[in-house]
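Thanks, everyone. One structure today, and a few minutes to walk through it. Please look at the screen.

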Amino acid sequence: MLYLGIVVDKTLLYKEHIKKAAEKADRIGGQLVRIMPNVGGPKELRCRLLSSVVHSGLLYGAPSWADTLDYVPKNAKILNQAQRKVLLCHIRAYRTVSEVATNILSSTPLADIIARDREMAFVRRRIQPDVEVKTSARANAPSRNEIMLRSWKNRIETAETGAWTRTLVRDIGSWCNREHGQMMFHMTQMMSGHRCFSHYLHRIGKENSDACHHCIDGLDDARHTLLECDAWESERSTLSRSLGGPIRTNSCRQHDCG
């Protein structure tokens, strides 16, 4: 049964609704891909606006069905897969970039976490606060954003993929709330470790060796290029002066995309 745009089934698990919402998001995302190419496309803020179009359809009516995600994990998986496709365009990444890295680099929580947040917001608006609860106690309660970031951080900490991205971005709150920089094609490659590095190309069968083309001795991955390779010493020195000290992964996360 279709009611106010939501497909309601007999089990009230909303499997069909989420499936159709994901299919619709895929269609919209496929159209947006044409205007969000990896090179020469709109800036990140415009990409974020365009990707929000997909989120609005994907998460429509979330307060009605978000509680079923705990009972039907497959629904959460379908949502996150549909979200990932458009976020890859958002950050100008290739489809081999993991879900964990994609969400981090786009500063966007997983779709199922956003759905639960919207359910919480709806419940809070409907339930009147207890008159006996002191205002100070309510003020000390964690905000919706804090709860959402905490849930997302727990997912990141237990993830098995996106190791290099997680090394660079250890404070997800600071990363999402930064007021400088934006993701671009080459920045995404550096922060995901995909595409232009021999280690990655060798892994997918595009290179005969994973050795660095410049210094031969090193394993050519993002860490080697950023921290070790002699061929980039001049650029590394310039970056070190900007950072006010030697480049380390913890210093990178303080100045990412700056």
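Accessible areas here come from the Shrake-Rupley method with a 1.4 Å probe, and for residues only the protein chains shown count as cover. On that basis, the chain has an accessible surface of about 15300 Å², with 53% of it belonging to carbon and sulfur atoms.

Now the ground rules. This is a predicted model, where local features need pLDDT of at least 70, side-chain atom pairs count only at pLDDT 80 or more, and totals for chains, interfaces and linings use all residues. Residues are numbered from 1 along each chain as its sequence is written, and side-chain values use heavy atoms, with hydrogens and water left out.

Overall layout next. There are 15 helices and two strands. Those are DSSP runs numbered from the N terminus: helices are H or I, at least four residues, and strands are E, at least two. Along the principal axes, the C-alpha atoms fill a box of roughly 65 × 45 × 30 Å.

Contacts: that means heavy atoms within 4.5 Å. Of the chain's contacts with a separation of 6 or more, 61% join residues 24 or more positions apart.

How much of the chain is buried? Of its 258 residues, 40%. Buried is under 20% relative accessible area, exposed is over 50%, and partly exposed is in between (1.4 Å probe, protein chains only).

On to the core. In soluble globular proteins, nonpolar side chains tend to be buried together. A nonpolar core here is a set of buried Ala, Val, Leu, Ile, Met, Phe, Trp, Tyr and Cys residues joined through side-chain atoms within 4.5 Å. The largest one has 51 residues, and Trp65, Ile104, Ile172 and Trp175 have the most contacts inside it. Helix H4, residues 73-90, gives the largest share of this core, seven residues.

Take Trp65. Leaving out residues up to four places away in sequence, its contacts include Tyr14, His17, Leu79 and Ala115.

Last item: backbone. Two residues to check. Leu12 has a positive phi of about 60°, though it is not a glycine. Leu12 sits in the loop between strand E2 (6-7) and helix H1 (15-33). Its relative accessible area is 49%, so Leu12 counts as partly exposed.

Arg92 also is not a glycine, and has a positive phi of about 60°. Its place is the loop between H4 and helix H5 (99-105). Buried or exposed? Arg92 is buried, because its relative accessible area is 6%.

That's it from me.
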